Amino acid sequence: MNRLLKFRIWEKFSNTMWYEDTDLDNRYDEEYFGAIPANFFCALRDLQKNPDYTIQQFTGIVDKNGKDIYEGDILRWDGPHESEFFAIVERNNLQFEAMSMNRDSRPIHNILRSESLIVGNIFEK
């Protein structure tokens with residue numbers, strides 16, 4: 001089974017989320033960052049160990065509106081008796097899990113069948 005590998009980058013100092021289609025040309029100040037290349041994939045490589053950036057991976061799953069689900073996203077889905085559940089997508093070893101607010105987890109592919117919806121992420125307000 002092949003899964004599309006996609007990433008996004010959270011830039012802490014500007015509170016900005018960068019996606020693969022983001023044009024990073026002339027984005028970085030060489031004095032502050034060094035010579036970080038403008039290519040997104042080169043930026044991924046160079047920013048892995050920089051604490052001012054958080055790299056998040058696409059889970060391979062979309063929400064009920066067709067929006068890509070990445071680690072760090074907050075999901076909502078309907079439960080029994082008109083209840084709502086919320087969870088944060090986290091990577092645990094080799095799988096993605098949805099971690100509920102009370103720290104119960106389940107594999108993310110189980111939640112998709114429950115009509116999940118992205119309601120935010122852990123970075124953007």
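**Reading the model**

Analyst: Of the 125 residues of the protein chain, 37% count as buried. Please note that this is a predicted model. The accessible surface of the chain comes to about 8100 Å², of which 47% belongs to carbon and sulfur atoms.

User: How many helices and strands does the protein chain have, and in what order do the elements run?

Analyst: The secondary structure consists of three helices and nine strands. Read from the N terminus, the order is β-β-α-α-β-β-β-β-β-β-α-β. As for contacts between residues at least 6 apart in sequence, 47% of them join residues at least 24 apart.

User: What is the general idea behind a salt bridge, and how many are counted here?

Analyst: Side chains of opposite charge can pair when their charged atoms come close. The cut-off applied is a side-chain nitrogen of Lys or Arg within 4 Å of a carboxyl oxygen of Asp or Glu. By this rule the count is four salt bridges. One of them joins the side chains of Asp68 and Lys6, with an N to O distance of 2.3 Å. This pair links distant parts of the chain, 62 residues apart: Asp68 belongs to strand S4 (residues 68-70), while Lys6 is in the segment before strand S1 (7-11).

User: Is Asp68 buried, partly exposed or exposed, and why?

Analyst: Asp68 counts as partly exposed because its relative accessibility is 21%, and buried means under 20%.

User: Which side chain does Asp73 meet in a salt bridge?

Analyst: Asp73 pairs with Arg8, at 2.7 Å from N to O.

User: Where do Glu84 and Arg76 stand, buried or partly exposed?

Analyst: The side chains of Glu84 and Arg76 also meet in a salt bridge, 3.5 Å from N to O. Glu84 is partly exposed, since its relative accessible area is 47%. Arg76, at 16% relative accessibility, counts as buried.

User: Which residues form a nonpolar patch on the surface?

Analyst: The patch is formed by Phe86, Met101 and Val119, which together have about 280 Å² of accessible area. Val119 is located in strand S9 (residues 117-121). With a relative accessible area of 43%, Val119 is partly exposed.

How values were computed. Residues numbered from 1 in each chain as written. Predicted model: local features only at pLDDT ≥ 70, side-chain atom pairs only at ≥ 80, totals over all residues. Heavy atoms only, no water. Helix = DSSP H or I, 4+ residues; strand = E, 2+ residues; numbered from the N terminus. Buried < 20%, exposed > 50% of the residue type's maximum accessible area, 1.4 Å probe, protein only. Contact = heavy atoms within 4.5 Å. Areas by Shrake-Rupley, 256 points an atom, 1.4 Å probe, with all protein chains shown as cover. Patch = residues over 30% accessible without salt bridge, like charges linked within 9 Å, V, L, I, M, F, W, Y side chains within 5 Å.
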